[in-house]
Structure formats: C-alpha cells, structure tokens
Amino acid sequence: MGKRGPSRRLWLVGLVVAVLVSTVLAWGPEIADRVANRVAQAPPYVVDPATEALFDSLFVVDLHGDALLWDRDLHERNERGAIDLPRLEEGNIAIQCFFIVSRSPYGLSIDYTFEKSDVITLLAIAQGWPVKTWTSPFERAVLQAQRLQDLAATSGDALIVIESKQDLNAYRGARPKGGPPVAGILGVEGAHALEGNLENLDALFELGVRIIAPTHLFDNDVGGSAHGVRKGGLTELGRQMIQAMESRGILLDLAHASAQTFDDALAVSTKPVIVSHTGVLGTCDNSRNLSDAQLRAVAATGGVVGIGFWDLAVCGDQPDDIARAIRYAVDVVGVDHVALGSDFDGGVPVPFDATGLVLVAEALRESDFSDAEIAQIMGQNAVRVLEETLPD
C-alpha cells in the first residue's frame, strides 16, 4: 500500500500553492499555469498497434478537468497545461467534464485548510477578469461557465456542450458520423460558488452547469471538506441544495467531501452520485482518497468513482500507478463503478496531457483487464450515470 506521511503531504501541497502565488505576482498567469499544471512526459505517446486500435474504438470520458480557470485560448493547441480542443480531439476524449474553480485558499493542505484566504483573487486580477469577479465566487463561476459556452459557439463544430439526455444521445449518434469530436459538461467544484443563495443554482443551471460538488478544499456553508478545519457534515442549506439539484437534473459529486458530509449527502440523495476525481486508500493512504466503505457506498447508488492521475491520488506518476488504483477499486466494487477523473489543469502535476489517455488503456491491458472492461472504465460507466441523471 502506498503511503504519504502528513508532513510530506503538507509540504508538497503547500509548496505548489506558494509557488503558484509567487509566480502569479511576479511573472503573471502564464508562468503560474506552467508551474501549477506541469506535464511530466511530453507527447507524442506511443503504444503498440493493438492497444492503439482498441483505444481508437473507445468512447472516452474524463470526469474532471479545470482548464476554464486558466488564461489559455482553448481553440488552439497550447504548450502548457493539459487540455485544449485540439488535444482533446487528438486524445480521443469524447466527453470532457470542465469544472469551475471559484476559490482556493492560500497555504492549503489536504489535511487542515483554513477557508479565509483566496489565491483565485490574485489569478483573476492577473488574468484581467472583470472587477466584479475579484470578490465574488458566483461571478467567477458565471464567467467560467460562459467561457465554455462561448468556446463551443466559436469552435466551428469542434465542441458542443451537453445539457440534457437528448443532447447526450444525439451526440453519441452523431460523433461517429463526423459530428463534433468533443463534448463538454459543466461542473462546479465547491458550492460556495452559490454564495449561500439557492437562486444562484438556477442561474448556473441556465448557463449549463450539470454537476456540483458541495465542497472543495475548505469547509463552507453547505458542508465540511475532507481538507477543512472542522470537517463537519452537511448543513441544512446543503440538504436543500442537494434536493434542488436532483429536481433539476444536476449530478452530485462527492469529491473533496468530509467523511460526515459524504455520509450525510448519500442519506439525502436518491440518484446515482459520482466522485469525479480521487484515489483509493487501498493503494495510496491519505485523507484525499476513498475508503473501501466509501467506494461501496458510491457503487450502491449506481454511481461511479473517477480515478485521478496525480501523485496524491495514486502515489505515483506513471500510468501503471493509475491502473493499480483502478484495479483495486474494481476488485472492491466491480468494474461497473469505476471511471476516469484526471484532474487535468487542476494545479497538480500529471504524467501526460490529454493526448495521452492511450497510455492508461495500455496499462489496463497489462493489468489483465479485458477490452470490454477497458471500454467500461474509460467511458461507458460514466455515460450510464449521465444518462440516468441528466435532465430530459
């Protein structure tokens, strides 16, 4: 079992944030992007012909990426970060879930983070965002949601935004016939973006948001974070929010939830849930990752767990480490409940960019998964949950 001691975890995460803050202030957002979103191995990524043929046949879904936060033209192939439209298309990623990040505390750790400070303020100012976004998580969410909608509108049919079951089914039928190569689904990482007002849920729904995680890196007014100070449970506002989400067809994401919020949310929810990006304690023991009991609880809803690609998720920086975590999760809950959740562009180093998911397919084949099981893990399981939870 992989292990990361508390002092090492604090040092690693705190160092990333400190470097991000200092580079934003000293050199600007482009350098901050390069530092925060480092890709260990540059493309191209080469595998054997049989694996490449299998991968080309797959409908691939990545449940978590944060590219909307960064000052990049996502129409164009970039040299920094992991995600843009050309690389998503080349990497055969059919659906990319784009998550909105509206706050991130300075000096965070995965074990004990105060919620008062906010590094995204610095990033918003440095990137020239409107003044109203400098202090408002909701306005930051609106800006990022609109950014994806604008990207789709100006993509020349390279991207669509999925907002309903009808959109999903139409896209699945059109893509093999020359339709848009990439689809995006909007998510919100941390319901503090609602600023305590459930009317803002409707506003974000109208902008296309279809996934919300109650908490991110700190405790907030809807619930406790796994990384927060109190690590409490779901609040009354949080319960009301989940009920409102379900009534609208917004998928519940329990990534970053405290253990109590995790349990409380499952007690309220009546639909499949996801954990969009995570690791498992069985292969990487730290407070960021899920226990066997939590894996089983997600599976009991019919949901899926997206295995992440970064070191604190899988205790390594190679495709084999990702496959090892996937194998463990499958052994606990079965192949129907495991998916991919890269956390590309989430301020964490990753082994490869969006063109490199073929390396995960190769690692899964080497871990004795069948082609049918690989197809499930790399997309079919996530699609099933989306079909069950998206609005009509």
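Which residues in α7 meet which residues in α15? The structure here is a predicted model, in which local features need pLDDT of at least 70, side-chain atom pairs count only at pLDDT 80 or more, and totals for chains, interfaces and linings use all residues. Residues are numbered from 1 along each chain as its sequence is written, and side-chain values use heavy atoms, with hydrogens and water left out.

On the α7 side the residues are Lys165, Leu168, Asn169 and Arg172, and they meet Val383, Leu386, Glu387, Glu388 and Thr389 in α15. Contact here means heavy atoms within 4.5 Å. Helices are DSSP runs of H or I with at least four residues, strands are runs of E with at least two, and both are numbered from the N terminus. The contact of α7 with α15 is made up of three nonpolar, two polar and four charged residues. For this sorting, Ala, Val, Leu, Ile, Met, Phe, Trp, Tyr, Cys and Pro count as nonpolar, Asp, Glu, Lys and Arg as charged, and the others, Gly among them, as polar.

Two packed helices are described by the angle between their axes and the distance between the axes. The axes of α7 (residues 165-174) and α15 (residues 371-389) come within 8 Å and cross at roughly 140 degrees. Such axes are lines fitted to C-alpha atoms, for helices over the stretch in contact, and the angles run from 0 to 180 degrees between N-to-C directions.

Next come α9 (residues 236-248) and α10 (residues 259-268), which pack at about 45 degrees with their axes 10 Å apart. That angle makes α9 oblique to α10; angles under 35 degrees count as roughly parallel, over 145 as roughly antiparallel, 65 to 115 as roughly perpendicular and the rest as oblique. Arg239, Ile242 and Gln243 of α9 meet Asp264, Ala265 and Val268 of α10, a set with three nonpolar, one polar and two charged residues.

Now for the inside. The largest nonpolar core holds 95 residues, and Ile307, Ile326, Leu357 and Met378 touch the most other members. A nonpolar core is a set of buried Ala, Val, Leu, Ile, Met, Phe, Trp, Tyr and Cys residues joined through side-chain atoms within 4.5 Å. Buried means under 20% relative accessible area, exposed over 50%, and partly exposed in between, with a 1.4 Å probe and protein chains only. Leaving aside neighbours within four places in sequence, Ile307 is in contact with residues including Thr278, Val280, Ile322, Ile326 and Leu340. A second, separate core of 21 residues includes Leu63, Ile95, Cys97 and Val385.

Most residues other than glycine have a negative phi, and most peptide bonds are trans. A cis peptide bond, with omega about 10 degrees, joins Pro43 and Pro44, and Pro44 is in the loop between α2 (29-36) and α3. Asn92 has a positive phi of about 60 degrees although it is not a glycine; Asn92 is in the loop between α4 (85-90) and β3 (93-101) and is buried, at 11% relative accessible area. Glu195 also has a positive phi, near 55 degrees. Glu195 lies in the loop between β5 (182-189) and α8 (199-206) and counts as partly exposed, at 40% relative accessibility.
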